Amino acid sequence: MARIAGVNVPTNKRVIIALTYIHGIGSARAATICKDLKIENLRRINQLTDQEIIEIREYIEKSFMVEGDLRRKVAMDIKKLIDLGSYRGVRHRKRLPVRGQRTHTNARTRKGKAKPIAGKKK
């Protein structure tokens, strides 16, 4: 297993797919990394030399905020919204959808399992 940005990336997958296992790197960013470092998209992680893995690791550390730092930044941004008392912060605090989705029916992922209301009659 190759270790990049503190994550064990799977060795039998293609480089573009394996890089997406790192939080903060999606398919577009993985493609950019491969293009900038001149690594073929079809190669697999276990086919890379140690030097190429080191180049990928250094490029990611230099260019992007990933894993722990990114998670910490997102959490701090949400905490800042909550402390300010902004609309989005209030929605986060109440565990409701933040980006304008409807909540009358749906939003079960965010709100949790439906709770029956006692005493409601026709």
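View 1. Contact here means heavy atoms within 4.5 Å. Helices (H or I, at least four residues) and strands (E, at least two) are DSSP runs, numbered from the N terminus. This is a predicted model: local features need pLDDT of at least 70, side-chain atom pairs count only at pLDDT 80 or more, and totals for chains, interfaces and linings use all residues. Residues are numbered from 1 along each chain as its sequence is written, and side-chain values use heavy atoms, with hydrogens and water left out.

View 2. The arc is that of the directions from the helix axis to the C-beta atoms. Buried means under 20% relative accessible area, exposed over 50%, and partly exposed in between (1.4 Å probe, protein chains only).

**View 3. Length and end of α4.** The helix has 18 residues. From its first C-alpha to its last, α4 reaches 26 Å, close to the 26 Å expected at 1.5 Å a residue. The expected span is 1.5 Å times one less than the number of residues. G85 follows α4, and its phi is positive, near 80 degrees.

**View 4. V74 within α4.** V74 sits in helix α4 (residues 67-84). Its relative accessibility is 41%, so V74 counts as partly exposed. V74 and I60 are 14 residues apart in sequence. In space they are 19 Å apart, C-alpha to C-alpha.

**View 5. Helix α2 and its neighbours.** A30, I33 and C34 are buried in helix α2 (residues 27-36). Seen down the axis of α2, these buried residues fall within an arc of 95 degrees, so they line one face of the helix. They pack against α1 (15-19) and α3 (50-63). On the other side of α2, A28 and K35 are exposed. K38 follows α2, with a positive phi near 55 degrees.

**View 6. An aromatic pair.** Rings of Phe, Tyr and Trp (its six-membered ring) pair if their centres lie within 6.5 Å; planes under 30 degrees apart count as stacked, over 60 as edge-to-face and the rest as tilted. By this rule the count is one aromatic pair. The rings of Y59 and F64 have their centres 6.0 Å apart and their planes at 70 degrees, so the pair is edge-to-face. Y59 counts as buried, because its relative accessibility is 15%.
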